[in-house]
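Hi,

Here is the structure I promised to pass on. Have a look at it first, and then read on for what turned up in it.

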Amino acid sequence: MMNNNIPQVKTVKLLLLAMEEQQQAMFKMHSTTNYQVLDASSGEKPELVIVDGDSPAGISAWLKAKGDYPNSTVVHFAKSPPSVTAPHLPKPIKFDTLF
């Protein structure tokens with residue numbers, strides 16, 4: 001018998017682009033928020049794409065992600081705001097307020 005009084009928590013599907021392994025590891029080890037980090041080759045559609053704007057690929061990776069994932073929110077993640085109009089997530093990230 002299921003308890004229908006327990007709220008269902010949605011898992012946010014998250015894709016990280018142009019991000020170094022160390023930065024990705026920070027997302028993968030943080031477990032207080034209900035999200036799943038996808039692999040770009042998985043074929044799954046992310047709801048949120050976070051692109052590291054401080055990487056060498058920065059803005060070009062963000063622009064490509066906007067085209068590749070038109071139904072997803074594509075966020076610019078960097079120390080300072082981007083040169084384009086984009087949702088911006090400042091570094092360092094505060095995981096407790098991310099979602």
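The side chains of K64 and D68 form a salt bridge, with N and O 2.5 Å apart; the term stands for a side-chain nitrogen of Lys or Arg within 4 Å of a carboxyl oxygen of Asp or Glu. The two residues are about one helical turn from each other, because they sit 4 residues apart in helix α2. K64 counts as exposed at 51% relative accessibility, while D68 is partly exposed at 38%. Here buried means under 20% relative accessible area, exposed means over 50%, and partly exposed lies in between (1.4 Å probe, protein chains only).

Before you go further, please keep in mind that this is a predicted model, in which local features need pLDDT of at least 70 and side-chain atom pairs count only at pLDDT 80 or more, while totals for chains, interfaces and linings use all residues. Residues are numbered from 1 along each chain as its sequence is written, and side-chain values use heavy atoms, with hydrogens and water left out.

By the rule above, the salt bridges number 4. Which residues does K91 join up with? Salt bridges that share partners bring D52, D54 and K91 together in one network. Between K91 and D52, the closest N and O atoms are 2.9 Å apart. This pair links distant parts of the chain, since K91 is in the loop between β5 and α3 (95-98) and D52 is in strand β3, 39 residues apart. D52 is buried, at a relative accessible area of 6%. K91 also makes a salt bridge with D54, where the closest N and O atoms are 3.1 Å apart. D54 lies in the loop between β3 and α2 (58-68), so its pairing with K91 ties together parts 37 residues apart in sequence.

Now for the overall fold. The chain has 3 helices and 5 strands, which follow the pattern β-α-β-β-α-β-β-α along the sequence. Both kinds of element are DSSP runs numbered from the N terminus: helices are H or I with at least four residues, strands are E with at least two.

How are the strands ordered in the sheet? An open sheet of 5 strands runs β2-β1-β3-β4-β5, with parallel pairing. At its edges are β2 (35-38) and β5 (88-90), each of which pairs on one side only. From one strand to the next, the twist averages 30°. Two strands are taken as paired if DSSP finds at least two bridges between them.

Going through some of the pairs, β1 (residues 12-17) is joined to β2 by 4 bridges and runs parallel to it; L15 stands opposite L38 in β2. Helix α1 (residues 21-29) packs on the sheet, touching β1, β2, β3 (48-52) and β4, and its direction makes about 150° with that of β2. That angle is taken between N-to-C directions on a scale from 0 to 180 degrees, using axes that are lines fitted to C-alpha atoms, for helices over the stretch in contact.

β3 and β4 are parallel too, paired over 5 bridges. D52, one of the salt-bridge partners of K91, has F77 in β4 as its bridge partner. Together, β3, α2 and β4 make a right-handed β-α-β unit. Right-handed here means that, with the strands pointing away from the viewer, the path from the first strand over the helix to the second runs clockwise.

Is β4 mostly covered or mostly open? It is mostly covered, with 5 of its 6 residues buried. H76 is a residue of this strand (residues 73-78) and is buried, with a relative accessible area of 3%. Leaving out residues up to four places away in sequence, H76 touches V51, G53, I59, W62, P81, P82, A86, P87, H88 and L89; a contact means heavy atoms within 4.5 Å.

Finally, some totals. Of the 99 residues in the chain, 35% are buried. Among contacts with a separation of 6 or more, 55% are between residues 24 or more positions apart.
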